[in-house]
Amino acid sequence: MIEFSSVSKTYPDGTAAVDDFSLVIPPRKTTVLVGSSGCGKTTLLRMINRMVEPTAGTIEIDGESVMDKDPVRLRRGIGYVLQNGGLLPHHTVLDNVTTVLRLERAPRAAARDRAFELLDTVGLDPALAERYPSQLSGGQQQRVGVARALAADPNILLMDEPFGAVDPIVRAELQTETLRLQRELNKTIVFVTHDIDEAFLLGDQVVILSKGADITQIGTPSEIIENPADEFVANFVGIERGTRALHTKRTGSGTVLVDAAGRTQGVLVEDGA
Amino acid sequence: MTWVTSNLDLIGRLSVEHLRQSALPIVLGLLVAVPTGWLAFRFRPTRGLVLGAVGLLYTIPSLALFALLPPLLGISFLSEANLIIALTIYAVAIMTRFVSDALASVEPSVRQAAVAVGYGPWRRFWQVDLPLAGPVVLAGLRVTAVSTISLATVGILIGIDNLGYLFTNGYQRQIVAEILAGVVAVVVIALVVDGLLVLLGRLLMPWTRGRRAA
């Protein structure tokens, strides 16, 4: 469990990126922090592994404050997936995946075996092991990034807009993969995105943030869609437009659901019918 | 041309001397420029200071430097050390700016990624920042190498034998072929060293070749 208690981050020039933020992130679930750019969601994520340090409040992992831990050791114990994979361009795929194991001076052969196991886990061809990141597609780089984050088998996985820079088809593929991995591995995932659809797809708990990391609403995707807290959330979620604004239409063979653009999205199955 | 064919062994001997006298300052220049370049890159207050100082060093005429170094360091005016230290100073002057620019050329996102996965500051510098600065450092090293090899010829003015000997001797004896032989030998050495550096770069930085092979 990760717990933020009254956390603030004020920069020396006076801007408050985060103001009095409190949140409990349950273990072995996916929590998605979603909001527009500049809302402080990435700052929150980076506070968990001390890449950003709070100016007030505490962040605890399983009851221990992150400020009491050595930052370098703390980071090695937490998986981190960055936008574009964040791979080291001068290391091969194999060396990128084994980064943390090598930093921890694990035996070479064991690290190598683990890397091939992980390439398999994230669905990458082992033949890519000796390639450099620049020789991979965006989607492949991102999978390597996930494999690297999983290498030391951390309990916590931080994902910072990991699929923001890949095309929509690859993004959908990677999202499905993330769901599959989470079913298999059961990690505590904290995922940051500005894409509300991605948030609803991946999140067990979704936290909608506005400027200054102010929590506008928190809940399961269903709770938020069924009962948006205010106008801002309703707009952000897109309840009154697009594919979420469905109305019924009677046809000769039954009732169907139609979106705002007039496209049929599904068939209404009445309970007990 | 007959002068050249009958003096091949002299040209050969001077070339080897010349190469030895230039190689040391090039290597020393790189070694000194890594910390000074880092200092210029890392801290804003030291940046202007370091880059200003090395810029100034480069403007000191070589003959003046030959006269200044012996009393400062307690070495002989006519010693090889005088030449090598002077050449090293010029090499540091060129390389410091290159190392500083090279470190600045590393993508901030890559540096962030290294921090995120748990590199400590020391290892990050040696294993991430410096290797990724490699291509720009290499570019600087090539400039330094060519410039040092050409500049080394002034050593003859303080009595250090190298290819510069062919210039002064050829001038005094009015042998044009000898002067030309000296010029050609310096150019050949510079080109060979440059080629070797490029080759070394390919060996040490395999990720820079064959981009987009997939």
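Which residue stands opposite Thr251(A) in S12(A)? In this predicted model, the residue of S12(A) opposite Thr251(A) is Gly254(A).

**View 1. Three strands of chain A form an open antiparallel sheet.** The strand order is S11-S12-S13. Strand S11 (247-251) and strand S13 (264-267) of chain A each have a single partner strand, so one side of each is left without a neighbour in the sheet. On average, and with direction ignored, neighbouring strands here are turned by 35 degrees against each other. Five bridges join S11(A) to strand S12 (residues 254-258) of chain A in the antiparallel sense. Within this pair, Thr251(A) of the facing positions stands opposite Gly254(A).

**View 2. An open sheet of six strands in chain A shows mixed pairing.** The strands follow one another in the order S6-S7-S8-S3-S9-S10. From one strand to the next, the twist averages 15 degrees.

View 3. Gly79(A) has Leu157(A) of S7(A) as its bridge partner. Helix H6 (residues 138-150) of chain A packs on the sheet and touches both S6 and S7 of chain A. The direction of helix H6 makes about 170 degrees with that of S6(A).

**View 4. A UniProt feature covers residues 15-197 of chain B.** The unreviewed UniProt entry gives this feature as "domain: ABC transmembrane type-1". In the model, the span is 83% helix and 0% strand. The end C-alpha atoms of residues 15-197 of chain B lie 18 Å apart.

**View 5. Chain A and chain B are in contact.** The contact involves 20 residues of chain A and 18 residues of chain B. On the side of chain A that touches chain B, helix H2 (71-76) and helix H4 (99-103) of chain A each supply at least two residues. The residues on this side of chain A comprise ten nonpolar, six polar and four charged.

Notes
Residues numbered from 1 in each chain as written. Chains lettered and ligands numbered in written order. Predicted model: local features only at pLDDT ≥ 70, side-chain atom pairs only at ≥ 80, totals over all residues. Pairing = 2+ DSSP bridges. Helix = DSSP H or I, 4+ residues; strand = E, 2+ residues; numbered from the N terminus. Axes fitted to C-alpha atoms, helices over the stretch in contact; angles between N-to-C directions. Contact = placed C-beta atoms within 7 Å. UniProt positions renumbered as here; feature names shortened; annotations may be inferred. Nonpolar A, V, L, I, M, F, W, Y, C, P; charged D, E, K, R; others polar.
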